[in-house]
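Below is a short report on a protein assembly. The sequence and the structure come first, and the notes follow.

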8 protein chains.
Amino acid sequence: MHEPDHDRLARTGMPEAVLCSSKTAAQLEVIVSDLHDAGTPALFTRLSPEQLDRMPRGLASYLDYDDASQTATVHGNRPRRAGQVCVVAAGTSDQRVAVEAARTLEFSGLAADVIVDVGVAGLWRLEACLDAIRAADIVIAVAGLDAALVSVLGGLVAAPIVAVPTSVGYGVATGGSTALNSALASCAQGVVVVNIDNGFGAACAAVRMLGLLGGDR
Amino acid sequence: MHEPDHDRLARTGMPEAVLCSSKTAAQLEVIVSDLHDAGTPALFTRLSPEQLDRMPRGLASYLDYDDASQTATVHGNRPRRAGQVCVVAAGTSDQRVAVEAARTLEFSGLAADVIVDVGVAGLWRLEACLDAIRAADIVIAVAGLDAALVSVLGGLVAAPIVAVPTSVGYGVATGGSTALNSALASCAQGVVVVNIDNGFGAACAAVRMLGLLGGDR
Amino acid sequence: MHEPDHDRLARTGMPEAVLCSSKTAAQLEVIVSDLHDAGTPALFTRLSPEQLDRMPRGLASYLDYDDASQTATVHGNRPRRAGQVCVVAAGTSDQRVAVEAARTLEFSGLAADVIVDVGVAGLWRLEACLDAIRAADIVIAVAGLDAALVSVLGGLVAAPIVAVPTSVGYGVATGGSTALNSALASCAQGVVVVNIDNGFGAACAAVRMLGLLGGDR
Amino acid sequence: MHEPDHDRLARTGMPEAVLCSSKTAAQLEVIVSDLHDAGTPALFTRLSPEQLDRMPRGLASYLDYDDASQTATVHGNRPRRAGQVCVVAAGTSDQRVAVEAARTLEFSGLAADVIVDVGVAGLWRLEACLDAIRAADIVIAVAGLDAALVSVLGGLVAAPIVAVPTSVGYGVATGGSTALNSALASCAQGVVVVNIDNGFGAACAAVRMLGLLGGDR
Amino acid sequence: MHEPDHDRLARTGMPEAVLCSSKTAAQLEVIVSDLHDAGTPALFTRLSPEQLDRMPRGLASYLDYDDASQTATVHGNRPRRAGQVCVVAAGTSDQRVAVEAARTLEFSGLAADVIVDVGVAGLWRLEACLDAIRAADIVIAVAGLDAALVSVLGGLVAAPIVAVPTSVGYGVATGGSTALNSALASCAQGVVVVNIDNGFGAACAAVRMLGLLGGDR
Amino acid sequence: MHEPDHDRLARTGMPEAVLCSSKTAAQLEVIVSDLHDAGTPALFTRLSPEQLDRMPRGLASYLDYDDASQTATVHGNRPRRAGQVCVVAAGTSDQRVAVEAARTLEFSGLAADVIVDVGVAGLWRLEACLDAIRAADIVIAVAGLDAALVSVLGGLVAAPIVAVPTSVGYGVATGGSTALNSALASCAQGVVVVNIDNGFGAACAAVRMLGLLGGDR
Amino acid sequence: MHEPDHDRLARTGMPEAVLCSSKTAAQLEVIVSDLHDAGTPALFTRLSPEQLDRMPRGLASYLDYDDASQTATVHGNRPRRAGQVCVVAAGTSDQRVAVEAARTLEFSGLAADVIVDVGVAGLWRLEACLDAIRAADIVIAVAGLDAALVSVLGGLVAAPIVAVPTSVGYGVATGGSTALNSALASCAQGVVVVNIDNGFGAACAAVRMLGLLGGDR
Amino acid sequence: MHEPDHDRLARTGMPEAVLCSSKTAAQLEVIVSDLHDAGTPALFTRLSPEQLDRMPRGLASYLDYDDASQTATVHGNRPRRAGQVCVVAAGTSDQRVAVEAARTLEFSGLAADVIVDVGVAGLWRLEACLDAIRAADIVIAVAGLDAALVSVLGGLVAAPIVAVPTSVGYGVATGGSTALNSALASCAQGVVVVNIDNGFGAACAAVRMLGLLGGDR
């Protein structure tokens, strides 16, 4: 059985998290119940509305569920920590992933802004937001299709940039591998990449990086 | 045997062209000799210096060879036609392909400017050339790696844009399929694409399009 | 949120367009409402009948929906512009994509003919339509499977040819990558290609090209 | 060690054949020597000039080597059998594979014509040869790039058609998988396919089929 | 619209056939109605029970539908022709494809036996059927997973062998590309291959080959 | 630097082994010298003749080099252990990999027979060796192309079978992924697979398995 | 029709097994009925609850169905044999595959422990179970995502290790090919691999290996 | 021509860098000369010894070349900045990439330790270095094959981890895509990834992150 790692957050700064997409209803029930009873703060990602509906109402009531990102938390009120992250998404369709990143950051006690619909085919939109983006400690760039946003941001911003390719699109963009490869091959220096649609992972990377703030390591 | 299509240019506006990379020395000798003797204007692409060196000196002297693009012509002085094409290349390494496009255009009687090293990781370089690019009837965008240049140009320019992905790069960029898919999935509307490293094909597409100039069709 | 680019058409000739396939019902409602209220002409592509059915009836009534292409428009009566496009599709199953191209052209004020079922396994059908095809300023070739239609048209027509590979077929044809690669590797010169099933993009490319008509650029 | 199947031809009609490309010099020497001494007719395919040069002169003299196809035979004078095969190749660069097929057929006692440079971008060339092609019992179609020749022939010819995709080309055509998939997805009915560059295999298939001639099975 | 080729069978021996899987209900209705009214014999492949159910009862009654192969015919009583084909399938799950081949042959006036469940992991089953297989003019080998049946048959049978890889299996076998590549790379000589799950195509190839019977070409 | 694991063999039964193919000359010199001086038995795989030639003669003399498998050993006289392995290879070209497995086994103190050229296109050759194969405790099956040998052996032998796909072949067989996927999708039960060309790994697996002999675990 | 191999278990030690995922309801009914009536012990894998529900109640009652692994048995009480297998799974989501392996082992008369949720991102969990794992004769390692568990176990355990990559995960992990390639490329020596999600196959491999126990071969 | 961005370092903290692998000798000469004359600090990556040898001696003398990493610098003495990076490489063959990262860091004024040969198949080696690794502000993990090192480090270290997959290995590991996908699918949270063999990019990412040190942003 899944045995939660009840003090992971204290030890590594990484949240206890449960990827729900390939778990059965029975498995989820045990996990939610265990985490709630133990008082362990936890984040559930890719928890579909259908999975939530199949859950006994008592269990579901333990969860703070967010539709837009399909995430939930238990015992989620974390103390606020230093650091500001800006999540920038190329299109409306990338919003689920962008908000997953923001929710993960908030669960970890970090402030997160989300800016959507600034794809590079309309550079003026991006330029209008540039001051806000440059004010952040870390930028998370969420983009599907050709993920050109990643390279453009990489040339405009000096902060760490974590690219999250998304599976948005059709034809050669199906599944997100074009966006992924594009981000990995970015002509901008020092951009780093996580798995397709992995807003959660990008936020966790930001948590690791923000440990550098204040130079206390 | 290869039987040249001696009046193709007159009929379709497309140049007689010979792709040399997979031909044997013996095959090339016959083709060069035939085209020269028939007085047929022809363009040779991907003719490596090694292939040229192996050719009998007499035959080689028929050819006007260009190192930078590895192209050659016979009977290449074509009358000048209306239309201006701008070939924009993201990096120095994309130059061979960019110049192949320019040579093909010149062989077809068309004027071509080549602008190199305007990758989007340094947007200010691109912006400095934007007036020159916008002055062209057609833009050919040559880029490897993530080919982000294609989407950015697509949002800045109203003219037809033909993207030529290149095989420049390593890792996921090897062979050019990342640049190709990125150009096909471009978030900019109405960008069209040719095969990887196919500067010749992009120029041929421009020849087709410039037939629209003056509305004489 | 999606912030429509209300004057894109005036500036670049490209229509304001919304790709609906990966948007939620909530996102679509806001976009339709905004575009309608602002009086912005817009095209919706890949809007499934299911998505339309879930829309509040008031909103749906703003849309001029076409079943065959799964497209819709708001404020869609555009002034007529010069230029004639012929959309040629290899098989009956390619019709959705072909009509998407035609609808996009009409929305942009351009005339479009659609010719279906002229695959090259029956060359005589294609030959019967050749005069009509040659009369067009631009040819859009829509084909799945091996997309052999693209190369055959490329040898018969001097006008610009935009190939739209489709995802029609099974086995190695599944998803359309065989048709795509076949079009990119076409033995005909100067054929250009857009993403799989991207009838919209091919029409946008035609809009860019038809700006050359009359030589007014 | 390789133990030749000395009476395969008699039993199955298939020639004893040795694929040389991945064999060491030492292995080839033993095989050539064994087959020669046993008087077994055998065909060697993909025997590079370099491999031939490294062979002891005595052994090499047993071989009837053909440069154009990189094939060799020992004891190769087979009695003539009924049946006529036409090998049709799209381009000059496909010639090595086409001649490999022809050499295999001749080694098996069958007559073979080779027609080269009839790619579909110039349909009139193909039409000029159509009577010759239709006169054959079996057609072997050799083509790289998009292999559109296969579908066009499939619609014009009622005889069995064996497609041999080739690795000719660059970009998406590299290695031949585009030509292969294109042939497999052909819109023409009843076309069959062999491995990339496998002229030998196509000829063997023809040998199997020609066993049907005369209805003596 | 789909315009049936009403005399294809007479001209090329190939049946008029309609691939139904990517056609809409409206398109299918027109096609069935046209073919029935014109008295044209036709074969429908990949016609799902759901598509049949959605058809108006009057139209459906024109069709002779077979569940096991998901094929249907109109005007299907073809005169009997010379030739015997044996369809050999490796496993129970390959049956749909095997029966599709058999139905296509019967529609074309050819006799076909179907032998199922003779995968090579149990060689004795295959050996028990070997005499029946060797009695056929042509063998169609239907197999998924690793398609090892193809190579084993290729070594045991002198007749033409058409391999039909199937999409049966999971993991690396998903979709059938492993079976396809395995058949193409078969160590047996002269085996030919058609697209994944393409029982129809294999039967058409057999029709082409059986034209050689009697030597009347 | 590479720090050899001098007592690995004693602890896990696995030999100390050095994969040479991606190491520089300088790196190899240090490793050979260290292992020789420490008296540690070690196996070197994929050590090309060119790498051996570049090594200082003194160092090279420490190595017992085998051309056929491109392996070498230092301090290689291991005590004999219980267990008999049969390495079966489909073709002559698979020999390098088969002998790499045999050399690894011998280095580990195990007896190994090598049987070559028993591909399934000639079943009678395989049947002639079947008693020898069945006498072994473990069978290592080495095959390229479609690796059909693996499934056939899997149905004939009850012992553990380790499949080693090889990169032998061209076209779809290039690089060995067809053989690999074929082995993984084998219709025979309980066959296990190692990486392409990994004769060494198959032998190591046999070493692990033979620890079960005698039931002393 | 599927003809069960009623005495396979006696002859090869491999269980009679039926892969249900691609079989129709009609095919499954015949197979279940035949095996039950003949008294043949058999295992059904990938039998979905939906398939079970569609089965006539009388037939279904012959089956001992297990939800967690989607397997069923008929006549499943096999005599107990020597040997202990430990099935180790990286995550909760890998449980279906792990239990499929365990059920197959039990059906074959072998004892199997299942340990879940010991992924290497939390090494201490794995270390806590290490004694139990080392006590087994054979270890089956079940893991998706990057399958890093395989390499770590390979360095810690001397027993045979059979890796079962799973299709758990999203993005680059979708379908399991990342886990598969990772297991094949494992830096640990002598690890062997079966197809993605193939818990059944791993158990069959263990059955083959455990035949070595006691040295009675 | 390549126009160096002479003040990039001051503006973004990113070094001026030249990827040499796809540049011609003529292009490199101009670039080296320009950078030297302008006094611009610059880093050259993937500069092969052959490229260096072809350079005029005068130019080459401007370069501080490092064999192990195939990098060079001009005007490379950068002032020391705060921050400590640990580069951890799984195997000896990964050293070129690891040193490329270290050289890039040193060029940027950052201290870097390199630890090699700590692959997870021998966990005790990794554990012996764990204190040194945990002392760093940032960890760069360099690994080929299955890149299992990435996940194991991810579970043991709280600092930011940048994974650099390498192209080391053969078979499924060829080219590095297995290592890349494995790192992207890592079961450890918050690990970020750069392109295959991109030691330079990982170092640039570290430069971005270390801007957070001291909290002065």
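A:Gln70 is partly exposed, with a relative accessible area of 24%; buried means under 20% relative accessible area, exposed over 50%, and partly exposed in between (1.4 Å probe, protein chains only). The residue lies in the loop between β3 (64-66) and β4 (71-74) of chain A. Helices (H or I, at least four residues) and strands (E, at least two) are DSSP runs, numbered from the N terminus. Phi of A:Gln70 is near 55°, which is a positive value in a residue other than glycine.

D:His75 is likewise a residue other than glycine with a positive phi, near 50°. The loop that holds D:His75 runs between β4 (71-74) and β5 (84-89) of chain D. With a relative accessible area of 36%, D:His75 is partly exposed.

## Basis and confidence

This is a predicted model, in which local features need pLDDT of at least 70 and side-chain atom pairs count only at pLDDT 80 or more, while totals for chains, interfaces and linings use all residues. Residues are numbered from 1 along each chain as its sequence is written, chains are lettered from A and ligands numbered from 1 in the order in which they are written, and side-chain values use heavy atoms, with hydrogens and water left out.

The model scores ipTM 0.93 and pTM 0.95. In chain A the mean pLDDT (the predictor's confidence in each residue, from 0 to 100) is 91, and 92% of the residues reach 70 or more.

## A buried position in chain A

A:Ala141 is found in strand β7 (residues 138-143) of chain A. At 0% relative accessibility, A:Ala141 counts as buried. Leaving aside neighbours within four places in sequence, its contacts (heavy atoms within 4.5 Å) include A:Val88, A:Val150, A:Leu153 and A:Ile161. A:Gln27 is 114 residues away from A:Ala141 along the chain, and their C-alpha atoms are separated by 33 Å.

## Chain A against chain H

Here 37 residues of chain A are in contact with 37 residues of chain H. The area buried between the two chains is about 3,000 Å², of which carbon and sulfur atoms give 55%; buried area is the accessible area (1.4 Å probe) that two parts lose on being put together, summed over both. In chain A, A:Gln189, A:Arg208 and A:Leu212 lose the most area to chain H, together 28% of what that side buries.

## Chain E against chain F

Chain E and chain F bury about 1,800 Å² between them, 71% of it on carbon and sulfur atoms. The contact takes 22 residues from each of chain E and chain F. Between chain E and chain F there are 0 salt bridges by the rule, and 2 residue pairs are in polar contact (both at pLDDT 80 or more).

Key: Salt bridge = Lys/Arg side-chain N within 4 Å of Asp/Glu carboxyl O. Polar contact = N/O pair within 3.5 Å; in protein donor to acceptor, adjacent residues only side chain to side chain.
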